[in-house]
Amino acid sequence: MIHVVLPPHLRTLARVDGETELEVKTPVTQRSVLDALEAKYPMLRGTIRDHVTQLRRPMVRFFACGEDLSHEPPDAPLPDAIAKGSEPFVIIGAIAGG
Amino acid sequence: MSKVRVLVGTRKGAFILTSDGVRKRWKVSGPHFAGWEIYHMKGSAVNPDRIYASQTSGWFGQIIQRSDDGGKKWNTPGSSPEELKSPDGMSKGESNKFVYDTSPETGKPLTTHQWYDGTQHPWEFKRVWHLEPSLQDPDHVYAGVEDAALFESKDGGKSWHELAGLRGSDTGPKWQPGAGGMCLHTILLDASNPNRISIAISAAGTFRTDDGGKTWKPINRGLHSQFLPDPTAEVGHCVHRIAFHPSRPNTLFMQKHWDVMRSDNGGDSWQEVSGNLPTDFGFPIDVHAHEPETIYVVPIKSDSEHYPLKGRLRVYRSRAGGNEWEALTKGLPQRNCYVNVLRDAMSVDSLEPCGIYFGTTGGQVYASADSGDSWKAIVHDLPAVLSVEVQTLP
């Protein structure tokens, strides 16, 4: 199982508490994780990546294993620890403002 | 006894204020969708417990919410478990999907509009500013969006389609964003003629369709905007708000960037009715529920100083359809008040006497239960108010 941590606003929107667990087909990539996430929680479509272009929204970031993976290609394999479920894939709203 | 429900959209969530017909004691519920910008909420005239809400965020984009019980419970239409899967197994929840029509049959794609620096810029969807439920069917609702376009849903908000004839009109490349963005913020539906819709865009102007949205024409003759190279141009005017009385759909009132205007022929031509207003800059304009010639505006000092003149918050009322205005001050702060009242933040109920409501960027929602003669704040300390809509319930 893949563990995904959503930002608080999206947890409220999807009506989930804490981490989300997903079955994700291999290879485990940003795209396959987000596909599975949006299939389980359709109300999240368009909130993390654009409906049409599928590009990450500018003020959303993807962290995993202490690294910022936001600029990695969407089809690049995620770290093994994510694929094995020992570390979460973290989606955050970028800090902006002051 | 009748009841009143006031739907308040703010920078940090939605609030619902309810009272009986006396309109003295109010219950406040909220924040709903805490932390999100709620640009607008509006209930169906056919089924008042059906309410649509535009929930938006610079981080996470556009969400459409719908309530079928008067605002107690909400859902994102198109995302319930029974709607999850299409025959091919894919999710089909798409209530938040606003995609400009570029099809050769109906899209007639216009790929650009005028940008702040005068260059051409592609249309980019940002948010829904205004939701206008149809007067006939609670599942049919229109959405005015930024960048300016008109969408509609005929399935209760599950899916949205652009009425592309508006954006596809040949004036599109001359439209330009105002300071708040290039937004379609007003949608007027004519109860006597379902094929007639009038809309307003900042800064493009006012447009009308008489064939249900297939074709549109600019209706800006008589407007004069000094910020334009041609002050009387066909389009490019920064119209802040238009309003009408449902019984007189041919008489339109307009608060422009500067100037309060009036049309008596459905917008084909306009005359200025600013009259004795101390300043004719402002955002909202609305019409009394029972007196079609009684209108309300909130004069604001200028386009660079978005607050009332001399720190005195005053609604101005004309009982003559414009030109002759009186200041309404009783109960409103008359010193040190430097809030703004945004374009969608004024509404009326249909009780007798008519109730008038408006919200401020300082978080107050003021109500008058006597057509504006006196005012009282229902709430004092909400986040900045973006929109106010009122439902009069049996």
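This is a predicted model: local features need pLDDT of at least 70, side-chain atom pairs count only at pLDDT 80 or more; totals for chains, interfaces and linings use all residues.
**Entry 1: chain A as a whole**

I began with chain A and listed its elements, finding three helices and five strands, which run from the N terminus in the order β-α-β-α-β-β-α-β. I then asked how its overall dimensions compare with those of a compact globule. A compact globule of 98 residues would have a radius of gyration near 13 Å, and chain A, with 12 Å, agrees with that. Along the principal axes, I noted that the C-alpha trace of chain A spans about 35 × 25 × 25 Å. Of the 98 residues in chain A, 32% are buried.

**Entry 2**

Next I turned to helix H2 of chain A, residues 30–40, and wrote down its buried residues, which are A:Gln30, A:Ser32, A:Val33, A:Leu34 and A:Leu37. Which strands do the buried residues of this helix pack against? They pack against strand E1 (2–5), E2, E3 and strand E5 (89–93) of chain A.

I followed this into strand E3 (residues 60–64) of chain A, where A:Phe62 has its place. Is A:Phe62 buried or exposed? I take a residue as buried when 20 or more other C-beta atoms lie within 10 Å of its own, and A:Phe62 has 21 C-beta neighbours inside 10 Å, so it counts as buried. Leaving out residues up to four places away in sequence, I found A:Phe62 touching A:Gln30, A:Leu69, A:Ser70, A:Phe89 and A:Ile91; A:Gln30 among these is one of the buried residues of H2(A). I also checked A:Phe62 against A:Val5, which is 57 residues away along the chain, and the two C-alpha atoms are separated by 9.9 Å.

**Entry 3: where chain B touches chain A**

I then looked at the contact between the chains and found 18 residues of chain B in contact with 16 residues of chain A. On the side of chain B that touches chain A, strand E6 (residues 61–67) of chain B gives the most, with three residues. By class, that side of chain B holds six nonpolar, 10 polar and two charged residues.

**Entry 4: the sheet that includes E6 of chain B**

Three strands of chain B form an open sheet in the order E4-E5-E6, with antiparallel pairing. Strand E4 (37–43) and E6 of chain B each have a single partner strand, so they stand at the edges and one side of each is left without a neighbour in the sheet. From one strand to the next, the twist averages 15°. Between E4(B) and strand E5 (residues 51–57) of chain B I noted six bridges in the antiparallel sense, and in E5(B) the bridge partner of B:Glu37 is B:Thr56.

**Entry 5: the largest nonpolar core**

The largest nonpolar core has 124 residues, and those with the most contacts inside it are B:Val8, B:Tyr357 and B:Val365. In soluble globular proteins, nonpolar side chains tend to be buried together. I took B:Val365 as the example and set aside its neighbours within four places in sequence; its contacts include B:Val6, B:Val8, B:Leu17, B:Tyr357, B:Ile378 and B:Val388.

**Entry 6: backbone points to check by eye**

I finished with the backbone, where a cis peptide bond joins A:Thr26 and A:Pro27, with omega about -5°; A:Pro27 is in the loop between strand E2 (20–22) and helix H2 of chain A. A cis peptide bond also joins B:Ser202 and B:Ala203, with omega about 0°, and B:Ala203 lies in the loop between strands E14 (197–202) and E15 (205–209) of chain B.

B:Lys310 is not a glycine, although its phi is positive at about 55°, and I found this residue in the loop between strands E22 (295–297) and E23 (315–318) of chain B. B:Lys310 is exposed, with 12 other C-beta atoms within 10 Å. B:Asn336 likewise has a positive phi, near 55°, and lies in the loop between strands E24 (326–328) and E25 (346–348) of chain B; with 8 C-beta neighbours inside 10 Å, B:Asn336 counts as exposed.

Key
Residues are numbered from 1 along each chain as its sequence is written. Chains are lettered from A and ligands numbered from 1 in the order in which they are written. Two residues are in contact if their C-beta atoms, placed from the backbone, lie within 7 Å. Helices (H or I, at least four residues) and strands (E, at least two) are DSSP runs, numbered from the N terminus. Ala, Val, Leu, Ile, Met, Phe, Trp, Tyr, Cys and Pro count as nonpolar, Asp, Glu, Lys and Arg as charged, and the others, Gly among them, as polar. A nonpolar core is a set of buried Ala, Val, Leu, Ile, Met, Phe, Trp, Tyr and Cys residues joined through C-beta atoms within 7 Å. The radius of gyration is taken over C-alpha atoms; the globule rule is 2.2 Å times the number of residues to the power 0.38. Two strands pair if DSSP finds at least two bridges between them. Axes are lines fitted to C-alpha atoms, for helices over the stretch in contact, and angles run from 0 to 180 degrees between N-to-C directions.
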